[in-house]
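Please look over the sequence and the structure shown below, and then read the short briefing that follows.

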Amino acid sequence: MSEEFKIEIVNPEKSFLVKDDVSEVVVPAFEGEMGILKDHISIISFLKPGIIKILSKSGDENYYVEDGIVEFKNNNLSILTSTIFNLADMDKSKQQDLLKQAEEEANKNDINDQSKYLADQKVEVLKTLN
């Protein structure tokens with residue numbers, strides 16, 4: 001009996017990733033890290049800045065996301081996000097650029113609480129990648 005399910009990650013330009021041999025995906029939901037296994041109940045949730053971990057037969061992958069919506073139903077996991085990076089491809093200078101942007105955002109004077117929270121999250125996550 002297969003324990004695998006399908007994931008599709010879409011960003012506005014294109015389908016970013018499709019895999020159908022996934023055994024578990026961990027997503028940074030607002031409620032906290034959420035692990036999704038085959039036959040998980042249907043969910044729709046929002047993502048906050050963090051790391052998506054994909055565990056599969058063909059190897060594990062980690063992605064940094066800044067936002068998104070995750071939906072799971074009928075053993076299909078869809079993630080829609082505007083900003084996603086494969087950590088394997090992210091070099092130090094890219095991390096530093098993103099971190100700098102996030103810090104500038106977090107330090108703006110006219111920032112509202114929610115934007116500040118998200119910017120602070122980005123800073124925290126990016127700092128742990130080093």
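Which backbone nitrogen does the side chain of Asn 86 reach? The side chain of Asn 86 reaches the backbone nitrogen of Ala 88, at 3.0 Å. This is a predicted model, in which local features need pLDDT of at least 70 and side-chain atom pairs count only at pLDDT 80 or more, while totals for chains, interfaces and linings use all residues. Residues are numbered from 1 along each chain as its sequence is written, and side-chain values use heavy atoms, with hydrogens and water left out.

- Asn 86 is placed in strand S9, residues 84-86 (strands are DSSP runs of E with at least two residues, and helices are runs of H or I with at least four, numbered from the N terminus).
- With a relative accessible area of 18%, Asn 86 is buried (buried means under 20% relative accessible area, exposed over 50%, and partly exposed in between, with a 1.4 Å probe and protein chains only).
- Apart from neighbours within four places in sequence, Asn 86 is in contact with Asn 62 and Tyr 63, where contact means heavy atoms within 4.5 Å.

**An aromatic pair**
- The structure holds 4 aromatic pairs (rings of Phe, Tyr and Trp, the last by its six-membered ring, pair if their centres lie within 6.5 Å, and planes under 30 degrees apart count as stacked, over 60 as edge-to-face and the rest as tilted).
- The rings of Phe 16 and Tyr 63 have centres 5.6 Å apart and planes at 75 degrees, so this pair is edge-to-face.
- Because Phe 16 lies in strand S2 and Tyr 63 in strand S6, the pair ties together parts that are 47 residues apart in sequence.
- Phe 16 is partly exposed at 26% relative accessible area, whereas Tyr 63 is buried at 3%.

Terms used. Polar contact = N/O pair within 3.5 Å; in protein donor to acceptor, adjacent residues only side chain to side chain.
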